[in-house]
Amino acid sequence: KMTGINMAVPDIIQLNDNSLLAACNPRPTEPYSEERRFGMRVRKSLDGGNTWETNQLIYEADYTFENGCWEPALFQLPDGEVQLYFSNEGIYFNTSEQNISIFRSENNGETWTTEPEIVGFRASKRDGMPTPLLIEETGEILVSVEDNKEGEFKPTVYHESLAKNWSDGYISADDPRRSYEPLTEEFLTGIYAGGPFLERLGTGEVLLSYQ
């Protein structure tokens, strides 16, 4: 518990070593103060959630709502690399832009890369709320995001090669790896359809939900 900070939108996964890894998004409450910032924290359990190790602060954005960071989503690749996806507006102090960034861990969440790596960004807009999913048979990482390219947010899906694993740069507005129309149903630009989420059934179907 941290005074003046809400620990929001938690995510949790079971890793390949059977440990549990949880992430959350510290969000300071008003009145804002430079000592209390938006951020990304993770915490591990080695005994099925009965006890937890000390939480780690991976990232801090600004202390104001307009320049925060949001919505952690944990993901582990077949080779063991753990990724933490999140929405980041903490580097855009003079605009309302936001990107999708990741941190990486090569040791099941014990230590992490030190700088956020941008994997998706539409200039002058706000990609947000990422959810990653692996399609092993095609060797592809999917990431659903909300995308306000025109009007209100609509679901968009990033398609990245597992072999490249973001080494080919971030997905920009016109990148062919960005699927503009994942839905067969068309929405008017003024209709909100944000907060997308990806999941896969045991029978193989991929589900995309949204608000």
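Biologist: Which side chain meets R37 in a salt bridge?
Modeller: That would be D62, with an N to O distance of 3.4 Å. Keep in mind that this is a predicted model, so these values are computed from it.

Biologist: Is D62 buried or exposed?
Modeller: D62 counts as buried, at 11% relative accessibility. R37 counts as partly exposed, at 26%.

Biologist: How many salt bridges turn up in the whole structure?
Modeller: The search finds 13. There is also a network of salt bridges that links R122, D127, D147 and R178.

Biologist: Nice, let's look at that network. What is the N to O distance between D127 and R178?
Modeller: It is 2.8 Å for the salt bridge between the D127 and R178 side chains. That pair links distant parts of the chain, since D127 is in the loop between β8 and β9 and R178 is in strand β12, 51 residues apart.

Biologist: And which strand holds D147, the other partner of R178?
Modeller: The side chains of D147 and R178 meet in a salt bridge at 2.9 Å, N to O. D147 belongs to strand β10 and R178 to strand β12, and 31 residues separate them in this link between distant parts of the chain.

Biologist: What are the relative accessibilities there?
Modeller: D127 is buried with a relative accessible area of 0%. R178 is buried as well, at 3%, and D147 is buried at 2%.

Biologist: OK, on to the sheets. What is the strand order in the open sheet of 4 strands?
Modeller: The order is β9-β10-β11-β12, and the pairing is antiparallel. β9 and β12 (178-179) stand at the edges with a single partner strand each, so one side of each has no neighbour in the sheet.

Biologist: How many bridges join β9 to β10?
Modeller: There are 6, between β9 and the antiparallel strand β10, residues 140-147. To find a spot in that region, look for L133, which stands opposite L142 in β10.

Biologist: Now β5. How many of its residues are buried?
Modeller: 8 of the 8 are buried, so β5 is largely enclosed by the rest of the structure. β5 pairs with strand β6 (residues 82-88) in the antiparallel sense, over 6 bridges. C69 stands opposite N88 in β6.

Biologist: What lies between β5 and β6?
Modeller: The two strands form a hairpin with 5 residues between them. G80 is in the turn and has a positive phi of about 105°.

Biologist: Which residues other than glycine have a positive phi?
Modeller: N18 is one of them, with phi near 75°, and N108 has a positive phi of about 55°. N18 is in the loop between β1 and β2, and N108 is in the loop between β7 (99-105) and β8 (117-120).

Biologist: Is N108 buried or exposed?
Modeller: N108 is buried, with a relative accessible area of 18%. N18 counts as exposed, at 55% relative accessibility.

Biologist: While we're on backbone geometry, which peptide bond is cis?
Modeller: The bond from E30 to P31 is cis, with omega near 0°. P31 lies in the loop between β2 (20-28) and β3 (39-45).

Biologist: Great, thanks for the tour!

Key:
Residues numbered from 1 in each chain as written. Predicted model: local features only at pLDDT ≥ 70, side-chain atom pairs only at ≥ 80, totals over all residues. Heavy atoms only, no water. Buried < 20%, exposed > 50% of the residue type's maximum accessible area, 1.4 Å probe, protein only. Pairing = 2+ DSSP bridges. Salt bridge = Lys/Arg side-chain N within 4 Å of Asp/Glu carboxyl O.
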